[in-house]
Amino acid sequence: MDTGAGASPPFSVGGNAMDTIAAIATGTGRSAFGIVRLSGPDALNILDKLFAPANGKPMSAARPRSLVYGSVHDAAGRVIDWPLAVWFASGKSYTGDCDAEIHCHGSPVVLGEVLSAAFAAGARQARPGEFARRAFLNGKLDLTSAEAIVDLVDAETAEAARNAATQLGGALCRLAEDAYDALLDISSRFYAVVDYPDEDIADASPAETEAALAEIEASLSALLATYARGKIVKNGVATAIIGAPNAGKSSLLNRLVGYDRAIVTDIPGTTRDTVEEKAIVGGVLLRLIDTAGLRETDDAVEKLGVERSRRAVEEADLILALFDQTEDAQDEAAYERQMETLNLAQSAGKPWIFVSTKKDLAAGSAMLGLYGQNPPPFVELSSVTGEGFDALEAAVAKLFPAPPPQSGTLLTNARQADAVTRALSAVRAALDALRGGMTPDVVLTEVEAASNALGELTGRTAREDMVARIFERFCVGK
């Protein structure tokens, strides 16, 4: 997809750009169909060698972007499959080079044979992300759109897919480019006045420059604030499930993930290590961590499990603190166990939900009365009957509300956040210099630093090693 990213970077990122590359672009398992993709100067010639249209004309005579039915052959001329084929002209393709695709039946054997035939005809194996790299180098993708491809492939929630799709369409790039162009206006005006003193070029007043920088600062500040939500959308919420032994932690995990992931018994201390799984709760992706029961123990293995439970709480974004409704609050040992859970949840400084378990066996939890002022979200549920899980979903959704549908402007990784952070810091330094009466060249230095940082975000000024790391994350065929 062409996002108008601008000029290509002055470097190559792996492989010879003149090579024609080929790869299987679909999954490795059996499916209804699969795609072998080619890209490079000989893509159409190789397609002519492999594919014989049923109409008797070569593929090079077919219109670009038109699917054609025919047969694909191996190097010995034997028919491998009766697929569809299509080609895309240079400059009008995904990569910007001449591209071709063969849409076969989805047998891994068939796809492998077609790929081998492509190699025999002159193509070489594409490296991970090499198609997207070529699109970036040819100005068809900026770096934020390239990263959105990975996010779209890896999306685990509808919100993540929507954000990635919008970002792939260039939403984040356009926002960054607007700020970049505004910074460029400031620096170019300065250079024009300095370099052409005899020309009648009006210098921007300090007030105009300050207003422009303030607007850029507000835009970048709002963008950086999206990173917290972007991390949740992309990676999910690390969620520690804590409680005394037999509080129902493993039962809750199993119910949320939909199968028996953790062992559930009546014997206290069954879970001795953390167990991790993912589940969508209230529209939010939770990375659930089932922890060992919190209690004093002489068992060395169980003690390690309890220590890991405490570490999981330290690293969590959300805590589900479980309290067994069937326990008698007048029982001193039970009271101490529940208080340990309560104190850990309260002292962690994280959002947490009071989850009263085994609702099918008891009328309610006496522990809730310990709070007094400002109790946390409270949910009663049964992992056996499923009662109360709608309330848990509502509580999670309230703690992590979805942003208004906009966007594609959520920053979703540390690289993006770092670039915007450095740009914002430089803009603020420029404003401070301007307001402090510093000379224009000091302001200009900070403006150019901000421009360079934003250039790294989109790929205008990206280093080769950074770009290479981005595309290494891609799968082969993308």
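Is F51 buried or exposed, and what is its relative accessible area? F51 is buried, at a relative accessible area of 3%; buried means under 20% relative accessible area, exposed over 50%, and partly exposed in between, with a 1.4 Å probe and protein chains only. The views below come from a predicted model, in which local features need pLDDT of at least 70 and side-chain atom pairs count only at pLDDT 80 or more, while totals for chains, interfaces and linings use all residues. Residues are numbered from 1 along each chain as its sequence is written, and side-chain values use heavy atoms, with hydrogens and water left out.

**View 1. The chain as a whole.** The secondary structure comes to 15 helices and 14 strands. Helices (H or I, at least four residues) and strands (E, at least two) are DSSP runs, numbered from the N terminus. Of the 478 residues in the chain, 48% are buried. Contact means heavy atoms within 4.5 Å. Among contacts between residues at least 6 apart in sequence, 68% join residues at least 24 apart.

View 2. Strand β3 covers residues 51-53 and includes F51. With neighbours within four places in sequence left aside, F51 is in contact with M59, V68, Y69, G70, S71, V72, P83, L84 and A85. One of these, V68, is 17 residues from F51 in sequence, and the two C-alpha atoms are 9.7 Å apart.

**View 3. The largest nonpolar core and L220.** A nonpolar core is a set of buried Ala, Val, Leu, Ile, Met, Phe, Trp, Tyr and Cys residues joined through side-chain atoms within 4.5 Å. The largest one has 29 residues, and L183, L213, L220 and L454 touch the most other members. Two or more residues each come from α6 (171-195), α7 (206-224), α13 (414-435) and α14 (440-458). Helix α13 gives the most, with eleven residues. Not counting residues up to four places away in sequence, L220 touches A179, V420, A423, L424, V427 and L454. Another core, of 28 residues, lies apart from this one and has L44, I46, C98 and A100 among its members.

View 4. T409 lies in the loop between α12 (389-399) and α13. T409 counts as buried, at 15% relative accessibility. Leaving aside neighbours within four places in sequence, T409 is in contact with N163, A171, L172, L175, L223 and T226.

View 5. A pair of aromatic rings is described by the distance of the centres and the angle of the planes. Rings of Phe, Tyr and Trp (its six-membered ring) pair if their centres lie within 6.5 Å; planes under 30 degrees apart count as stacked, over 60 as edge-to-face and the rest as tilted. Four aromatic pairs are found in the whole structure. The pair F136 and F471 is tilted, because the ring centres are 5.9 Å apart and the planes stand at 40 degrees. This pair links distant parts of the chain, 335 residues apart: F136 is in helix α3 (residues 130-137) and F471 in helix α15 (residues 464-472). Both F136 and F471 are buried.

**View 6. The ring pair F323 and F354.** The rings of F323 and F354 have centres 4.3 Å apart and planes at 15 degrees, so this pair is stacked. F323 lies in strand β12 (residues 318-324) and F354 in strand β13 (residues 352-357), so the pair ties together parts that are 31 residues apart in sequence. F323 counts as buried at 0% relative accessibility, and F354 counts as buried at 0% as well. Ring pairs link F323, F354 and F378 into a cluster.

View 7. Two strands pair if DSSP finds at least two bridges between them. The sheet is open, with mixed pairing and the strand order β10-β11-β9-β12-β13-β14. At the edges stand β10 (275-281) and β14 (378-380), each with a single partner strand, so one side of each is left without a neighbour in the sheet. Strands β12 and β13 run parallel and are joined by six bridges. F323 stands opposite S356 in β13. Helix α9 (residues 249-257) packs on the sheet and touches β9 (237-243), β10, β11 (284-290) and β12; the direction of α9 makes about 50 degrees with that of β10. Axes are lines fitted to C-alpha atoms, for helices over the stretch in contact, and angles run from 0 to 180 degrees between N-to-C directions.
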